[in-house]
Amino acid sequence: MTDPLRYPFDQAPEPGQRREVAPGVHWLNFPLPFALDHINLWLLEDGDGWTLVDTGFSSRHTQEIWRTAFQDALGGRPIHRIIVTHYHPDHIGQAGWLARQFQAPVWMTRGEWALTTQLHAASDQEIGDNFRAFFGRHGVPGDDLDALAGRGNTFRKILPELPPQPETLAAGDAVTVNGDTWRVHIGRGHAPEHICLYRERDQVLISGDQVLPKISSNLTVRALDPEDDPVTAFTDSLRALRDAMDEDTLVLPAHGLPFHGLHARVNDLCDHHREQLDAAEDACRQQPITAHDLLPVLFKRKLDSHQLMFAMGESIAHLNCLLATGRVTRQERDGRLYFSA
Ligand SMILES: [Zn+2]
């Protein structure tokens, strides 16, 4: 099948450099120490300085690149404001450090900040106990459960410095940058209250992780909120984004290349989740299964312990969606949750 998306730029800028992708909008590319090996940050011309959207992963290596960028990409001009799309460590990672460097305020939604502080404050013991209870009920067997519970508070480990108390952004807010209005749209499902910024004047969308060109954003149910239904939240908020925006919008995602084809991409992502839901319902029709039993249906590759956590979150997410829409029922047996259609 041919890719319905069009990519106007075939190459990311070098780390520390910038590339202008729309008037006053510049692309920065930072490495990540994961399989997902990079993140895009967006630098908006703002008076005699910059507004920055997202900040990169918290590591010494990222800070080295930032120091190069201060001269190269930023041209020695200051960051006046830092907008963090959502709480994930590759987005919020350097917000605290950059805020200190430039005495710049950080802007986030209330929902993202609440989850950031809640996750950051939890003790290793608390996280371990929550994981053991939550993933155990969803069928993760002994050794894997020990590995998951033994990870402790990995969020705080990879995000040692929190930004200062942010200023709050909410749905519909207008952020004025260099006289232009960027409208705040909220994405849900991947994160509780994810900021997407849309410049109506020339249809430019900074989409963060809410809309990515090649991969489907991870949707997870967290131990803290076990009945959550992020699949419905994600697909509903994606359709709202699609319906609010022009088909020809230039989408600036946090991972992958900028693209045109928002409507096609949203439709593909919604189709993908519908197929996953159908496959999950089919599996529940054969016999009652746990979220752990569902993994090989949803994921064709073998999973290590880090991937297992995300995969379990995604598996529970699809079962919770089926449950919320009345397509499956749930029974508890011997301390485990079984779903049947
Ligand atoms: Zn994310």
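This is a predicted model: local features need pLDDT of at least 70, side-chain atom pairs count only at pLDDT 80 or more; totals for chains, interfaces and linings use all residues.

Biologist: What spacing do the donors of the zinc ion follow along the chain?

Modeller: They follow H-x1-H-x101-H-x18-D. Donors are N, O and S atoms within 2.8 Å of the metal (3.2 Å for Na, K and Ca); water is not among the atoms, so sites may look incomplete. Residues are numbered from 1 along each chain as its sequence is written, and side-chain values use heavy atoms, with hydrogens and water left out.

Biologist: Which residues are the protein donors of the zinc ion?

Modeller: They are His-86 through NE2, His-88 through ND1, His-190 through NE2 and Asp-209 through OD. These donors lie 2.1 Å from the zinc ion.

Biologist: How is the geometry of the zinc site classed?

Modeller: Look at the angles among the donors. Four donors count as tetrahedral if all angles lie between 85 and 135 degrees; four count as square planar and six as octahedral if opposite donors are over 155 degrees apart and all others between 65 and 115; anything else is irregular. Here the angles among the four donor atoms run from 91 to 167°, and the site is irregular.

Biologist: Is His-86 buried or exposed?

Modeller: Buried means under 20% relative accessible area, exposed over 50%, partly exposed in between (1.4 Å probe, protein chains only). His-86 has a relative accessible area of 0%, so it is buried. His-88 is at 17%, so it counts as buried too.

Biologist: Where is Ser-217, and what does it touch?

Modeller: Ser-217 sits in the loop between strand S11 (204-208) and H8. Helices (H or I, at least four residues) and strands (E, at least two) are DSSP runs, numbered from the N terminus. Contact means heavy atoms within 4.5 Å. Leaving out residues up to four places away in sequence, Ser-217 touches His-190, Asp-209, Gln-210, Leu-212 and Phe-234. Ser-217 counts as buried because its relative accessibility is 4%.

Biologist: Which residues does the UniProt domain annotation cover?

Modeller: The UniProt record, an unreviewed entry, gives "domain: Metallo-beta-lactamase" for residues 38-255. UniProt positions are in the numbering used here, feature names are shortened, and annotations may be inferred rather than shown by experiment. In the model, that span is 36% helix and 24% strand. Its end C-alpha atoms lie 7 Å apart.

Biologist: How do I describe two packed helices?

Modeller: Use the angle between their axes and the distance between the axes. Axes are lines fitted to C-alpha atoms, for helices over the stretch in contact, and angles run from 0 to 180 degrees between N-to-C directions. Take H8 (residues 230-244) and H11 (residues 305-324): their axes come within 7 Å and cross at roughly 85°. The contact is made by Pro-230, Val-231 and Thr-232 of H8 and Ala-317, His-318 and Cys-321 of H11.

Biologist: What do we call the arrangement of H9 and H11?

Modeller: Angles under 35 degrees count as roughly parallel, over 145 as roughly antiparallel, 65 to 115 as roughly perpendicular and the rest as oblique. The axes of H9 and H11 cross at roughly 80° and come within 10 Å. H9 and H11 are therefore roughly perpendicular to each other. Residues making this contact include His-273, Gln-276 and Leu-277 of H9, and Glu-314, His-318 and Leu-319 of H11. Gln-276 counts as buried, at 13% relative accessibility.

Biologist: Which residues of helix H3 are buried?

Modeller: In H3 (residues 95-102), they are Ala-95, Gly-96, Trp-97, Leu-98 and Ala-99. Their cover includes strand S4 (49-53), helix H1 (60-71) and strand S5 (79-83).
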